[in-house]
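Reader: I have a few questions about how the terms are applied here. Could you take me through them?

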Amino acid sequence: MSDNKVDTNEKKITTIEETIETTGFTIMTVVGDSMMPLLRQGIDTVKIVPAPKKLKKYDVPLYKKPSGQYVLHRIVKVNEDGYMTCGDNRFFYEFVPFDWVIGVADKFYIGEKEVSTEDPDYKKYVKEVRRAFWPRKILRKAKKTFSK
């Protein structure tokens, strides 16, 4: 007879929310292209930690929509009742109520490189990608208009 015992009452971690609550973080592989060029689908990963009470502009929260879909986008504006977010590779804003937020990105693993959200080069990238938002949007619209 084996001495190994299985505790059938042991709680199984089944959701991202439970993982963050239990371990203090989760590391996830990026799905989708909305945060390109920073994060590449299926290649790069992100470390999500519990969010402080209130996030700030340019933080990257992980939030869960009522549909159950998880989204990782950048905060572009903080409102009284939530955040306006946008993927780095998107041209539309989405309103996110505070209570949708599950956690916030703390580190990115881009290939083999670990990048902290406090890294000066990362902060420079964020400013550049946000500064380029409107010129990219206008260029995209012009391309659509003149390619007809």
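Reader: Which residue in β7 is the bridge partner of Tyr-83?

Author: Happy to start there, keeping in mind that this is a predicted model. The partner of Tyr-83 is Val-96 in β7.

Reader: How do you know that β6 and β7 count as paired strands?

Author: Pairing requires at least two bridges between the strands. Strand β6, residues 82-86, is joined to β7 by four bridges, so the pair meets the requirement of at least two. The two strands run antiparallel.

Reader: What makes β5 and β7 the edges of their sheet?

Author: The sheet is an open one of three strands, in the order β5-β6-β7, with antiparallel pairing. Both β5 (74-78) and β7 (94-97) have a single partner strand, so one side of each lacks a neighbour in the sheet. From one strand to the next, the twist averages 40°.

Reader: And which helix lies across β5 and β6?

Author: That is helix α2, residues 120-131, which runs at about 70° to β5.

Reader: Why is the set around Leu-39 and Phe-108 called a nonpolar core?

Author: Buried here means under 20% relative accessible area. The largest such core has 19 residues, and Leu-39, Ile-48, Val-60, Leu-72, Phe-108 and Tyr-122 have the most contacts inside it. At least two core residues come from each of α1 (16-23), β2 (45-50), β8 (101-110) and α2. The largest share, four residues, is supplied by α2.

Reader: What is Ile-48 in contact with, beyond its neighbours within four places in sequence?

Author: Its partners include Ile-20, Phe-25, Met-28, Leu-62, Leu-72 and Val-104. Contact means heavy atoms within 4.5 Å, so each of these residues has an atom within that distance of Ile-48.

Reader: Which residues does the second core include?

Author: Leu-55, Tyr-63, Ile-75 and Tyr-83 are among its nine residues, and this core is separate. Tyr-83 is also the residue whose bridge partner is Val-96.

Reader: How many helices and strands does the whole chain have, and what part of it is buried?

Author: There are three helices and nine strands. Of the 148 residues, 37% are buried. The chain exposes about 10,000 Å², with 55% of that supplied by carbon and sulfur atoms.

Conventions:
Residues are numbered from 1 along each chain as its sequence is written. This is a predicted model: local features need pLDDT of at least 70, side-chain atom pairs count only at pLDDT 80 or more; totals for chains, interfaces and linings use all residues. Side-chain values use heavy atoms; hydrogens and water are left out. Axes are lines fitted to C-alpha atoms, for helices over the stretch in contact, and angles run from 0 to 180 degrees between N-to-C directions. Buried means under 20% relative accessible area, exposed over 50%, partly exposed in between (1.4 Å probe, protein chains only). Accessible areas come from the Shrake-Rupley method with a 1.4 Å probe; for residues, only the protein chains shown count as cover. A nonpolar core is a set of buried Ala, Val, Leu, Ile, Met, Phe, Trp, Tyr and Cys residues joined through side-chain atoms within 4.5 Å.
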